[in-house]
Amino acid sequence: MTGLAAGWASGLPVFEAESAPGGICSSYYIRPGDSARLSRTPRDEEAYRFEIGGGHWIFGGDPAVLRLIRRLAPAKEYERRSSVYFPGQNLYVPYPLQNHLRCFDRELRSKALVEILTAPKPRFKTMAEWLKQSFGPTLTGAFFGPFHELYTAGLWKTIAPQDPYKSPIDAGLVIRGASDSTPAIGYNTTFLYPRAGLNALAQGLAHGCDIHYGKRVTRINTTKKTVQFEDGTSVIYQSLISTLPLNRMLEMTRLQLDEPPDPFTSVLVLNVGGVRGERCPPDHWLYMPASRAGFHRVGFYSNVDASFLPRSARTRRNRVSIYVERAYPGGQRPSPEGIQDYSDATVCELQDWGFLKDVEALDPTWIDVAYTWSWPGSKWRAAALKALEKHDIQMVGRYARWTFQGIADSIRDGLYVGSASRVNA
Ligand SMILES: Cc1cc2nc3c(=O)[nH]c(=O)nc-3n(C[C@H](O)[C@H](O)[C@H](O)COP(=O)(O)OP(=O)(O)OC[C@H]3O[C@@H](n4cnc5c(N)ncnc54)[C@H](O)[C@@H]3O)c2cc1C
């Protein structure tokens, strides 16, 4: 999305490795009982719609960017329904759980409340220290600890805290939520999704771009200023805008830094379509502190919109389409057999929980650089960006700048850098 926005605003050529636009923000379709991925919905619309990177909901965003998104791909607005799920107790606590302590038993509720409200001003280096000091040992033990162990693939005890706004603490709301309901808060209380699927947005942007598909970059020579592609061709550049992950750009340019690289995690997204289980919740997504198979988030595409289901199931809603996310240490992709075992275990668990009955479509996708982290006090990111800028390479987007960012902000940054680089400027 970032590269498309930059290409759209600048008129510069865009080189994309795949044969379609959108990166991990793109939809595809699978017919029940089949395994072939279709790039568009079949004529009879009897197919599940999935996404490469799991459910991608457009939250936040500058009003001007949201207007552009709606113009390119008319979208509907949704109000977030999200919870933390404790499978052992079959307990659902609305997100963010610190504002809904009334859902816990009296003992846990009182302990957690006292710990949060009497917490001294936190002094921390790592994510684990920040969580323990902010939420106290009781809630950290019940949820924040085991969830972050899964979500960061074990890194949470050594990496710096990240994005505290995702786990906000407002003493007033914590107290109120111990006995009463509280309003939805956070960065994604409402979100947009294109009526015709996420592809419509990527295609809308790509339409205004000079885009070259099937152009996988393998090497960038910063002395000769050339970009080499896997197909043996190359181009010369004066300056380059790159949306590739920062670590991969350093590998491709072979620029050496003194700083040790910051870590990242990969994510396996398992897309599942099938008969809806009787205990399938109405949430859009759930965070879980534990699962036998090792996943940490389960999302329900079809709870957001019935258009994710095959046409014949949309009114009765007797089917469900689900995405399940599991994190791995950066780049440690399991073998095909490992993925098969994990998929089987996940389906079994979703069936045990009553979310799903018979499976009609099952498809794993791999996101190599999915979440980017930093070591406490790390200077690697700043040094890497500077080294690339020195060679006229401007990094833009979530992975390129090693930051947390959604689609809307990625598009904003692409438009901004693209406008400043317009070919006729
Ligand atoms: C699990 C997960 C869930 C998410 N959920 C949401 C959400 O609900 N809402 C939201 O707003 N955001 C979400 N995001 C974030 C969102 O995915 C990013 O903000 C967005 O993908 C950033 O877009 P990008 O264009 O910068 O990067 P990418 O989407 O990674 O695009 C990079 C592009 O470069 C191409 N490419 C890669 N290597 C090469 C190469 N060697 N040569 C040429 N081309 C190459 C890729 O094919 C791709 O098209 C989520 C991210 C993850 C990991």
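User: Leaving aside neighbours within four places in sequence, which residues is Phe-229 in contact with?

Analyst: Two residues are in contact if their C-beta atoms, placed from the backbone, lie within 7 Å. Phe-229, with its neighbours within four places in sequence left out, is in contact with Lys-215, Arg-216, Val-217, Thr-218 and Ser-234. This is a predicted model: local features need pLDDT of at least 70, side-chain atom pairs count only at pLDDT 80 or more, and totals for chains, interfaces and linings use all residues. Residues are numbered from 1 along each chain as its sequence is written.

User: Is Phe-229 buried, exposed or partly exposed, and why?

Analyst: A residue is buried if 20 or more other C-beta atoms, placed from the backbone, lie within 10 Å of its own, exposed if 12 or fewer, and partly exposed in between. Phe-229 is partly exposed because 17 other C-beta atoms lie within 10 Å. Phe-229 and Ala-17 are 8.9 Å apart in space, C-alpha to C-alpha, and 212 residues apart in sequence.

User: Which strand does Phe-229 lie in, and which strand is joined to it by bridges?

Analyst: Helices (H or I, at least four residues) and strands (E, at least two) are DSSP runs, numbered from the N terminus. Phe-229 lies in β11. Strands pair if DSSP finds at least two bridges between them. Strand β11 (residues 226–229) is joined to β12 by three bridges, and the two run antiparallel. In that pairing Gln-228 stands opposite Ser-234 of β12.

User: Which way do the residues of strand β3 point?

Analyst: In β3 (residues 48–51), Tyr-48 and Phe-50 point one way, Arg-49 and Glu-51 point the other way, and all are buried. Four bridges join β3 to strand β2 (residues 27–30), and these strands run antiparallel. Tyr-28 is the residue opposite Phe-50.

User: How is a helix read, and how many residues of α1 are buried?

Analyst: An α-helix has 3.6 residues a turn, so residues three or four places apart point the same way. Helix α1 (residues 2–10) is mostly covered, with nine of its nine residues buried. Among them are Leu-4, Trp-8 and Ser-10. The buried residues of α1 pack against β1 (13–15), α6 (198–207), β9 (210–212), β13 (240–242) and α11 (407–420). After α1 comes Gly-11, with a positive phi near 80°.

User: Which residues come nearest the ligand?

Analyst: A residue is near a molecule or strand if its C-beta atom, placed from the backbone, lies within 6 Å of it. There are 33 residues around the ligand, and Thr-2, Ala-17, Gly-23, Gly-397 and Gly-406 come nearest. The elements giving two or more residues to this shell are α1, β4 (58–59), β18 (356–372) and α11. The shell divides into 15 nonpolar, 12 polar and six charged residues. Ala, Val, Leu, Ile, Met, Phe, Trp, Tyr, Cys and Pro count as nonpolar, Asp, Glu, Lys and Arg as charged, and the others, Gly among them, as polar.

User: Where is there a positive phi in a residue other than glycine?

Analyst: Asn-90 has a phi near 50°, and its place is in the loop between β6 (82–86) and β7. Asn-90 is exposed because it has 10 other C-beta atoms within 10 Å. Arg-317, also not a glycine, has a positive phi of about 50°. Arg-317 lies in the loop between α8 (301–304) and β17 (319–329). With 13 C-beta neighbours inside 10 Å, Arg-317 is partly exposed.

User: Which peptide bond is cis?

Analyst: The bond from Tyr-95 to Pro-96 is cis, with omega near -5°. Pro-96 sits in the loop between β7 (91–94) and α3 (106–117).

User: How many helices and strands does the protein have, and why does it count as compact?

Analyst: The protein has 11 helices and 19 strands. Its radius of gyration is 22 Å, close to the 22 Å from the globule rule for 425 residues, so the protein is as compact as a globular protein of that length. The radius is taken over C-alpha atoms, and the rule is 2.2 Å times the number of residues to the power 0.38. Of the 425 residues, 44% count as buried.
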